[in-house]
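Here is a short briefing to read alongside the model. Please keep the sequence and the 3D view open as you go.

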Amino acid sequence: MDLQRVLSCSRLLTRPKAMQTFRRAASQGKMPLARAHGKSFGHRSELRQAKRIVVKLGSAVVTRGDECGLALGRLASIVEQVAMLQNQGREMMIVTSGAVAFGKQRLRHEILLSQSVRQALHSGQNQLKDMSLPVLEARACAAAGQSGLMALYEVMFTQYSTCTAQILVTNLDFHDDQKRRNLNSTLHELLRMNIVPIINTNDAVVPPPEPNSDLQGIISIKDNDSLAARLAVEMRADLLIALSDVEGLYDSPPGSDDAKLLDTFYPGDQHSITYGTKSRVGIGGMEAKVKAALWALQGGTSVVIANGTHPKVTGHVITDIVEGKKVGTFFSEVKPAGPTVEQQTEMARTAGRTLASLDSEQRSDIICALADLLTERKDEILTANKKDMELTVSTGRLSPAMLKRLSLSSSKLNSLSIGLRQIAVSSQDSVGRVLRRTRVANNLELEQITVPIGVLLVIFESRPDCLPQVSALSIASGNALLLKGGKEAANTNRILHELAQEALSIHGVKDAIQLVSTREEVEDLCRLEKMIDLIIPRGSSQLVRDIQRAAKGIPVLGHSEGICHVYVDHEASIDKAIKIIRDSKCDYPAACNAMETLLVHRDLLRTPLFDQIIDMLRTEHVKIHAGPKFASYLTFSPSEVKSLRTEYGDLECCIEVVDSMQEAVDHIHKYGSSHTDVIVTENEETAEQFLQQLDSACVFWNASSRFADGYRFGLGAEVGISTARIHARGPVGLEGLLTTKWVLRGEGHTAADFSEHGSMTYLHENLPVAQPLTGRRNTS
């Protein structure tokens, strides 16, 4: 019967529909290549190369909360992921629990049905509900549930044209050399035929596990954890995914106050772990899982322990792990030389609190020291930058515009140094400044004061000059800083970070700024919502969009698009219009504050002003795309725009016609990105209406859109431009990196003092913020 099932599955695999995805992956070269076994993967990102994968489903994953029956929704999502990976060309195996729980459900049902109807009626409804059932023996439950469990798997996998085969094993099968060879041969043959083997211990006959029965470095089969580990090593699997009901491995029992989830676990770290109790079902526990994982790791198989029961992640937990995302605990033999990114963040937060407690003169000292180091050590910086430039040019990865951003020069470093000194001077008393002071009642005063946000994560591309600028702003605002730069500037970023930490050292806060140099994915950094308070992306619109999508629980300060408009009113000055349009589009086309759409009042068509605008754009080699309305006025029009919501980032722009200022405002609200928008007109009333009605972050009258810049606004350096509706908006400088807290000073006041029967009344008297605190007790 088993042979017929295997043969029928083999015939199924010859059908084109069943093999369509598999063949497509093979033809496109997307199938993982088999690798020489013997050494596990050293980093999560390498898990994408995993070809042969064992997925272990713990009892808590497979069974319902009442331990009677299967969690069908979870099981279906897991089957879908396994089938998808199988159809990508990977070789998938499942080690499953659940037979006992499924059998328990069936046997309980049979026992209830076998009771006489008279007894059920005589007992009454309430008593029937509470009727005690005999304790069911686990082996009997396994015998009753195994066939049903396998049938369920078969039905689910059939939906994805994937065939399965059942294999039941015991510990004795691994001790007998002939049986072990037979098992190995069977599994290899099933994998060759693109069949998913589903393996379980034969709990109907298996004897109770013997304690400490591991011999000569060979793990014995005590539970499905040890079975999965033994099977993974025997089959030379690349990856073992062990799903349980916890997020991964914690350094102390989950739920305890100080418990921390370990992203990566290394052999030899066992002494730092305190294990808790077992899960609600199953015979293993986290200690058993760790032991099995380490044994598999030693055998050359990478291991990840993760949560397979969380409703928000179960549907993609397996595929996320295979894609190298930070899910669960990854077991690795390659221990990094430096701290992990989590440890770096903790170090930054601790040092950042000390930085915030320094007085403004001390923080200014640090910034001035960094400014000095930029000029004193410029040869080291330029040598590192030259190395980055040569490597990048040789690979051809960056466009000329991006290469220009990557390049540093002596003049650029001098300008940076001057800018940093300006920040040091202008940031005096920025932290701890009193914004509001209120006398709530006699001898009870309330203050609102500025404080740092906390830990900032700044992610930037191809702009090493961003590092000292952002470092200076974070120092001035008392914030801890986590930096993630592009690999194309790795050498330059490293030396600049060393200089920043050298400057910080003069007041003992070296660790307040950390450079993430590990192979950490940006998406993984965005998941540190308990450690990072604000993310600031500095780079392409695609980078910003990716970060905004990935950062589920962390605010992101920035803009994903810079679709800036210039509206030329029918009462515009010719000279002003030409100058503003040229500067807005041609000064730096790749900038986020460059004009992308030119809106022209209808009355200007076929006038000298309009002709001069077109001539100027052609002279500047700007490619013009016609909006739908503009195209309707032309017999032979330029290429019609594909979308009115386009950021070209080059010498290209869209021209569209509007009938009025109000229509221009409506167009910008519909197609703009709330970044920067301009009106060119000599009519003050029209201009004021435009400035009031438009809700973009920056709105200008008779001025280039290129003025949307922190330096031009007099903010010193900026960390970016924000189009958000809360916190900071527009060019964000030092003020945007501060928040506030409330400080109340009293003398034993209680809320009861102000109740109906209390003796005090509220004054709520506003006081000058500059009023000194001395003598406040006598103000009545």
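Predicted model: local features only at pLDDT ≥ 70, side-chain atom pairs only at ≥ 80, totals over all residues.

Residues are numbered from 1 along each chain as its sequence is written, and side-chain values use heavy atoms, with hydrogens and water left out.

**Nonpolar cores**
- A nonpolar core is a set of buried Ala, Val, Leu, Ile, Met, Phe, Trp, Tyr and Cys residues joined through side-chain atoms within 4.5 Å; buried means under 20% relative accessible area, exposed over 50%, and partly exposed in between (1.4 Å probe, protein chains only).
- The largest such core has 49 residues, and Ile366, Ile367, Ile381 and Leu483 have the most contacts inside it.
- A second, separate core of 39 residues includes Leu190, Ile199, Leu240 and Ile273.

**Helix H22**
- Leu543, Val544, Ile547 and Ala550 are buried in helix H22 (residues 541-550); helices (H or I, at least four residues) and strands (E, at least two) are DSSP runs, numbered from the N terminus.
- These residues lie on the same side of H22, because they cover an arc of only 130° around the axis, taken from the directions from the helix axis to the C-beta atoms.

**Around Phe707**
- Phenylalanine 707 sits in the loop between S20 and S21, and is partly exposed, with a relative accessible area of 43%.
- Its contacts (heavy atoms within 4.5 Å) include Phe700, Arg712 and Phe713, not counting residues up to four places away in sequence.
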